[in-house]
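Reader: I am new to this structure. Could you help me learn how to read it?
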Amino acid sequence: MDLTATAHVSKGLAASYFDGVTARAQAATLRLVAGDLILTGEGFERCVCASDVQWPERTRYGLRVAHFADGGSVQCADAALWDAWRQYSGQSDSWVVKAQQSWRSVLVSLLLLALLGTAVYQWGLPWAARALVAATPQSVDSSLGQASLSAIDESLMQPSELPLDEQARLSAAFARALAAQPVGTVPVWQLVFRKSRIGPNAFALPGGTMVMTDEMVTLVGADDKVITAVFAHELGHVRHRHGLRMLVQATVIAGVSSVVLGDFSTLQAGVPLLLGQASYSRDAEKEADAEAVRILQAAGISPGVMVTLFEKLAAENKPAASDRKDSVDSTAQSSWLGIAFASHPSDADRIAYFKQAARDFQEKS
Amino acid sequence: MYDSFSKAGVQHSEAHHLPIEFTGSGSEYFRMWIVNLLLMFVTLGIYYPWAKVRRLRYFHANTLVGGEPMGFHADPKKMLKGYFLVGVLFALYSAAGNFSALTGFLAFVIVAAIWPALLKSSMQFRLANTSWRGLRFHFKGSVGGAYRAVVPLFVPSLVILAAVVGVDDANKPPVWYFASLGVVVLVTLAVFPWLLWNLKQYQHNHYALPSLQTTFKATLGSFYKLFLKALGVLLLPIGPVAALSMGVVLLGNSTFFFNATSRSAISPAMALTFLFAGFAAVATALVIARPYFTARLQNLVWTRTGNVSLRFISDLRFSSLLWLIIKNWLLVILTFGLYWPFAAVAVARMRLEAITVKTRVDPDTLVSQMRAVEGEAAGDVAGDLFGLDIGL
């Protein structure tokens, strides 16, 4: 410590005192004696237990103010002198303050934050969401699913135009495929057909309702093997309760990003949510694909039927993009930006996965 | 109660100018922010009240009014209790909407019903824990006053209620039912300036140090005028951006515009174009219209706040704030968010230093009569979660 500063503060520190009743500053000398803060000034002396004082945290810039419980305060514009006095009087900073004052520890904290953040995002949050969802009763999924179905019906769907016996035939085919599954491993499910404004599509809702659009059935030529494969994929979402898991993960990401960025901007807090969700969603699709392969293999259907689906979907998209030199899908999704925002893995990756599964299937049979 | 002032006012009738100076530093706040984020992370958020108190203490201590710093005294432990309470409430509120429209609506009604009370206790807590020259501030607003301030919200609610009651068959709503939704939105927009005026009036009529209470003299008309101007500034950049992005889409490839046979109506490339166009429009609006509104509202609200012996003058220039916000956005994006604390400090500096306090009372003569009632810490946390930010 600076010797002159020590000499300065050994007799006490000159500060301004506000008594908490009047707003007039009074000159006071501060001394710390045996755990008490003693203030002496013209015509007054005050003694406060040092542990009842709200001490200022050391900062590189700015003045120092200590507050008393009754509303009074003492302040000193010379921060260096104040710090010297505190040190001389045997008081030290908390480790949080020490960490805040050193760029090295801030850098370490930043690295730790980045590492912890990645680890939590990669493993912690999915694990916690899985555990939370496992502890949530199935009825929550069902009511969530019902609410979403009625919302979707209102905005995007119309009643199916498929004949009822055709719907029954496709349902029966899927039920036959599931018959090969061990008892108790198949979640409750229900198939729903709808005419849609979103083109060929199929999706699973929490609680086991799986929706397929008429356009999807037409696209694959009502091939019950392909339809079964699509439903098997959707059943994977149901079995792993992806809907609820996504909800939990989205809520956590939104909460964390709004805490980190404070109330700076809701827009900025939304970007991590968008990016973060996309990656979780791709993982969920991979899980559902694996489930589809498992179900198809057990039912004696080649996972290769999924490849047909992708080819048909690609063929559907081709005319739309034919004026351009390449297919829209492949250009958009092969760029890193496309991947960052895409909710599904790229079609090429998924086709490769199902082709491999089909080869394994042929070798076994 | 006032006589100590009236006497003082007579004795010191010359005006005192108290400039506001902000001495906070971006690098200092950056270090605090990182360490506190880490602590919040490893404590699963329990450290949040401590981090918040530290941040507020730092910002207060570096706000010098007439050369003397402000003080912030809240007890983080007290805030933690409120934090749990309100956190549970907020979790229930967020979850309720996912189950059914009815539970969501009920949760909304409950939160709406307690919101004014939370606003009052939040203001009370914040001000009672704020000091200047050793004197605590008070918030003198009543719970009744808070409920009266939100009266404008009943107008759109009445429209909703009328629509719900007027429908005979909920499964087959008539056409006007959907039109009434539009009416609700319009009415809500129309009453919003009135609501904000009421809230600002409620806040700015009840600040006191210690018995020197402020009054709020801005008129309702001035709020409507401000909103109309802000709307103009908002539409100015959105129009060209929207037109431009539409042009790009149409020129780029007109054949895949709502192609009925494609897998989905919107192809990924188009979705991306739309995403970026929408993002650009919203970002431009936020970057230009928000600073405009912030600057003009601050000037209006604070310049019209005062009493016989005390007034504030706020001279925050839109152009300066605009450049600062643009610079902040660019640097925040370029540094992946690490510039955020520097940006927060720079904005606080510009907004605070734009204000001057003019008083005919010598600040030295202010005398405290009583201790402030502290109010509930729960209110303060509710402020964070339910969006009742006290602001400047």
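Author: Gladly; we will look at a helix pair, a sheet and the cysteines. This is a predicted model, where local features need pLDDT of at least 70 and side-chain atom pairs count only at pLDDT 80 or more, while totals for chains, interfaces and linings use all residues. Residues are numbered from 1 along each chain as its sequence is written, chains are lettered from A and ligands numbered from 1 in the order in which they are written, and side-chain values use heavy atoms, without hydrogens and water.

Reader: At what angle do helix H2 and helix H3 of chain B pack?
Author: Two packed helices are described by the angle between their axes and the distance between the axes. Here H2 (residues 26–42) and H3 (residues 48–61) of chain B pack at about 170°, with axes 9 Å apart. That makes H2(B) roughly antiparallel to H3(B) (an angle over 145 degrees). The residues of this contact (heavy atoms within 4.5 Å) divide into 7 nonpolar, 1 polar and 3 charged.

Reader: In what order do the strands of the open sheet in chain B run?
Author: The 9 strands follow the order E5-E4-E3-E2-E1-E12-E11-E10-E9, with antiparallel pairing (strands pair if DSSP finds at least two bridges between them). The edge strands of chain B are E5 (135–136) and E9 (215–216), each pairing on one side only.

Reader: How many disulfides does the structure hold?
Author: A disulfide is a covalent bond between the sulfur atoms of two cysteines. Over all chains there are 0 (the sulfur atoms must be within 2.5 Å). For Cys47(A), the nearest cysteine sulfur, that of Cys49(A), is 8.1 Å away.

How values were computed:
Axes fitted to C-alpha atoms, helices over the stretch in contact; angles between N-to-C directions. Helix = DSSP H or I, 4+ residues; strand = E, 2+ residues; numbered from the N terminus. Parallel < 35°, antiparallel > 145°, perpendicular 65-115°, else oblique. Nonpolar A, V, L, I, M, F, W, Y, C, P; charged D, E, K, R; others polar.
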